[in-house]
Amino acid sequence: MRKEDSVFGTNGVRGRRVGVPSQPVLPMPVQPMPVPVQPKSKSAHFVATEHTGDNKKHLLLAASGSVATIKLPNIVNALSRYNDLSIRIIITKSAENFLAGQSEEQPHLDSLLQEKNVDGIYRDEDEWAKPWVRGDGILHIELRRWADLLVIAPLSCNSMAKMTMGIADNLLLSVVRAWDTTGDIGGSKKKCIVAPAMNTAMWEHPVSKKQLKVLEEEWGWKEKGDAWVEVLRPVEKELACGDSGNGAMREWSKVVSVIEERMDLKDKDKK
Amino acid sequence: MRKEDSVFGTNGVRGRRVGVPSQPVLPMPVQPMPVPVQPKSKSAHFVATEHTGDNKKHLLLAASGSVATIKLPNIVNALSRYNDLSIRIIITKSAENFLAGQSEEQPHLDSLLQEKNVDGIYRDEDEWAKPWVRGDGILHIELRRWADLLVIAPLSCNSMAKMTMGIADNLLLSVVRAWDTTGDIGGSKKKCIVAPAMNTAMWEHPVSKKQLKVLEEEWGWKEKGDAWVEVLRPVEKELACGDSGNGAMREWSKVVSVIEERMDLKDKDKK
Amino acid sequence: MRKEDSVFGTNGVRGRRVGVPSQPVLPMPVQPMPVPVQPKSKSAHFVATEHTGDNKKHLLLAASGSVATIKLPNIVNALSRYNDLSIRIIITKSAENFLAGQSEEQPHLDSLLQEKNVDGIYRDEDEWAKPWVRGDGILHIELRRWADLLVIAPLSCNSMAKMTMGIADNLLLSVVRAWDTTGDIGGSKKKCIVAPAMNTAMWEHPVSKKQLKVLEEEWGWKEKGDAWVEVLRPVEKELACGDSGNGAMREWSKVVSVIEERMDLKDKDKK
Ligand SMILES: Cc1cc2nc3c(=O)[nH]c(=O)nc-3n(C[C@H](O)[C@H](O)[C@H](O)COP(=O)(O)O)c2cc1C
Ligand SMILES: Cc1cc2nc3c(=O)[nH]c(=O)nc-3n(C[C@H](O)[C@H](O)[C@H](O)COP(=O)(O)O)c2cc1C
Ligand SMILES: Cc1cc2nc3c(=O)[nH]c(=O)nc-3n(C[C@H](O)[C@H](O)[C@H](O)COP(=O)(O)O)c2cc1C
């Protein structure tokens, strides 16, 4: 209640509610750059086939609700130096809280559209933005078709759990469940790289072992034919919450270099 | 961003979002029929025992968030020719997006109340419509008591996953988790028919096999005593999204004929 | 629909709720005590280390969406007679519906802050109340650090399912997933007591057996080193919904006495 007042007040401030304000409502210390008006064409009515002839490699880059989401701008920025790359970003509701313009290292998510290769940012509500009628595209299917590679960095404990069980209660998880794990549907098998990032205790929790086993052993990106997932295991360090131990997302520069390698990115130029 | 403005207007009315506007907000090309005012008596304060002497067979018909939800009107209409049938509908938040009056084949959900046998439509918020006090009914329990048969058509990949794990984070899944699978509680064992419907890749995803196994082998409606679920396996065809392959919901007419058979519906008359 | 009108004003815009109004909106028959203004200091910016020297035992007491949530005031009241106890409460969105001031036995949740030992009440939105920046605490981690014991009474079928699978899509489940099950992180192993409470059919549902097995056999609080969960199994009685059978939460007085025993509470005084 106390919260509602400040969030929804009388000034028509829009709210996201799953307990999660999409826009911060408390005074923010730093507001580093103006939020760009997002051109509608960038995310609305996205149709994969309109982009098949673009001579670009297509990276679907997702972030779920870990603090490591603040590394997304670094990852995106590092990848902006390629000429032959197109990036589309999926963000979960929780993750969006980390990129709300509250500090210099946490610009507003929409500001990433200013980066050279970023061609779209997608949130849960984009799935349902237009009342679906026969003939319309379905966003999570179009994104899967468009993508050459899906990278989820960071992968929260929650999204890791749900992913391994095929739960699809948001846009990102719908893409994962609709992934063409064999290549039987779209003609080419598509891989998915995930970088778990969580508190040490979350990582040490007994469920993690089971979930990691599904990702690495059942779906793991090995030489065998049915593999489609690659896990960038977390590393030990002092975490944002003050705990020390395993669970931290692999360095963002490592995530970048794995993407470069897996996508065979070469067309580097000076920015 | 763009979306919020139109949904929540300028009057600062606060909404709850799970990314899903329950009413479409973009201009709709076709508005085929006026949305009826839903008589309050139809869904509020529903008590199962008030209907035990109605000499009708009770079908609890549910739809989850697959495009095949657009077949719900056909199913309902076909079943409207029976005199001894009462139908109550449960719809998930996602599924409701497909019946918002956006085209002729997608009338507004509430318009189904005009069909002869439809006696109630239930959404998640109906569970909590009245602050619960001791002595009040509990909607998902009342619906389970009332029902002779539960049919979930379509069953989305997400609801299939959650159902097999006993997750109950909405009205439909609460009914499923509270299902009287043995007959020990209500005296008669009640069956549940599900018709999965999803993109081919969702269906081919490795989790589907595990979930289908739970539904068919562990809970499967066979001759053994503890069986309570029947799966109408999806079929191959060209899907709404353009992919071709398995995953499409069984024809709606097949769903109807299975219901007719399982409920032993006979009292047919000309409409 | 009826509900929406009052929630969302007169323009008929209806919103999506997670089924759960955080405040009841219908006229309430009894409003037993005025809702206190919650002092912000009680729940905002909670930092565990500020309380390490308080010479108190720290009980993290949670309720999920079962009717047995109405016993929370009794539990809290019984524990208010200890001088060396500090209680912080976590409530799920669903559970909050049961403590909205709708009857004498169901006071408004915030009124529990008037009880002597209650030092904070936490809802999902408190996780994201302040836009997170580097250096800020993370509520579910702070609460875990602060707590000597976590008691979830009642544990709903839904939270039981999600807990056993490591799903963390709300504050309570994030605390559970971040629980220090071994003591390797915070130095002392912390236990978690759960009191499932659900309709008989929910309890008899085949998934319950699997979930109970995880809680009791895999994570069970036995003498072995890796155990951290204790289940207070439900009991048979006539349930709030009218069904009779197993599934009812253990008597609240039993929950209290187990807490007293496990926390070694002694410093009793007359209130
Ligand atoms: C400030 C803050 C930091 C968090 N950091 C993490 C994290 O690093 N890893 C994680 O798995 N969850 C973290 N969480 C919890 C998740 O955000 C929570 O489980 C959420 O439900 C995840 O949703 P998603 O998987 O849909 O993004 C954090 C929560 C908050 C409030
Ligand atoms: C336009 C559109 C069409 C969809 N069609 C399907 C489908 O056919 N089958 C499916 O399993 N999910 C489909 N989805 C995804 C589900 O709606 C999504 O997983 C949702 O969370 C399911 O929620 P529910 O199971 O609570 O209804 C579709 C989504 C959109 C936006
Ligand atoms: C009036 C009412 C009473 C309910 N009682 C119970 C119950 O006793 N046990 C239970 O497991 N679920 C019960 N439910 C269903 C849960 O509230 C529902 O599954 C919800 O999603 C649980 O959310 P939570 O686990 O996040 O609290 C009840 C629902 C309603 C509307």
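Which strands of chain C does helix H10 (residues 252–263) lie across? Helix H10 of chain C lies across strand S1 (57–63), strand S2 (85–91), S6, S7 and S8 of chain C, and it runs at about 170 degrees to S6(C). Keep in mind that this is a predicted model, where local features need pLDDT of at least 70 and side-chain atom pairs count only at pLDDT 80 or more, while totals for chains, interfaces and linings use all residues. Residues are numbered from 1 along each chain as its sequence is written, chains are lettered from A and ligands numbered from 1 in the order in which they are written, and side-chain values use heavy atoms, with hydrogens and water left out.

**A few terms first**

- Helices (H or I, at least four residues) and strands (E, at least two) are DSSP runs, numbered from the N terminus.
- Two strands pair if DSSP finds at least two bridges between them.
- Angles run from 0 to 180 degrees between N-to-C directions, using axes that are lines fitted to C-alpha atoms, for helices over the stretch in contact. Contact here means heavy atoms within 4.5 Å.

**The sheet in chain C**

- Chain C has an open sheet of 6 strands in the order S5-S2-S1-S6-S7-S8, with parallel pairing.
- At the edges sit strand S5 (118–122) and strand S8 (229–231) of chain C, and each pairs on one side only.
- On average, neighbouring strands of this sheet are turned by 20 degrees against each other, direction ignored.
- Zooming in, strand S6 (residues 149–155) and strand S7 (residues 191–196) of chain C run parallel and are joined by 5 bridges. Look for Leu150(C), whose bridge partner in S7(C) is Cys192(C).
- Helix H9 (residues 206–218) of chain C packs on the sheet, where it touches S6, S7 and S8 of chain C. The direction of helix H9 makes about 125 degrees with that of S8(C).

- S3(C) and S4(C) form a hairpin with 2 residues between them.
- Strand S3 (residues 100–103) and strand S4 (residues 106–108) of chain C run antiparallel, with 2 bridges joining them.
- Within this pair, Ala100(C) stands opposite His108(C) in S4(C).

**The sheet in chain B**

- Chain B also has an open sheet of 6 strands with parallel pairing, in the order S5-S2-S1-S6-S7-S8.
- Its edge strands are strand S5 (118–122) and strand S8 (229–231) of chain B, each pairing on one side only.
- Neighbouring strands of this sheet are, on average, turned by 20 degrees against each other, direction ignored.
- Strand S6 (residues 149–155) of chain B runs parallel to strand S7 (residues 191–196) of chain B, and 5 bridges join them. In S7(B), Cys192(B) is the residue opposite Leu150(B).
- H5(B) packs on this sheet and touches S6, S7 and S8 of chain B, with its direction at about 135 degrees to that of S6(B).

**Around ligand 3**

- Ligand 3 lies between chains B and C.
- Ligand 3 is surrounded by 23 residues, counted when one of their heavy atoms lies within 4 Å of it. The closest are Ala168(B), Gly65(C), Thr92(C), Ser156(C) and Ser159(C).
- By class, this shell has 10 nonpolar, 11 polar and 2 charged residues. Ala, Val, Leu, Ile, Met, Phe, Trp, Tyr, Cys and Pro count as nonpolar, Asp, Glu, Lys and Arg as charged, and the others, Gly among them, as polar.
- Helix H6 (residues 157–165) of chain C gives the largest share of the shell, 3 residues.
- Oxygen atoms of ligand 3 are 2.7 Å from a polar backbone atom of Ala168(B), 3.4 Å from an N or O atom in the side chain of Ser174(B) and 2.7 Å from a backbone N or O atom of Cys157(C).
- The protein covers 93% of the 650 Å² of accessible area that ligand 3 has on its own, with areas from the Shrake-Rupley method and a 1.4 Å probe.

**Around ligand 2**

- Why is the site of ligand 2 shared between chains? It is shared because residues from chains A and B surround ligand 2.
- Of the 23 residues around ligand 2, the closest are Ala168(A), Gly65(B), Thr92(B), Ser156(B) and Ser159(B).
- The shell of ligand 2 divides into 10 nonpolar, 11 polar and 2 charged residues, and its largest share, 3 residues, comes from helix H5 (residues 157–165) of chain B.
- An oxygen atom of ligand 2 is 2.8 Å from an N or O atom in the side chain of Ser66(B).

Methods. Polar contact = N/O pair within 3.5 Å; in protein donor to acceptor, adjacent residues only side chain to side chain.
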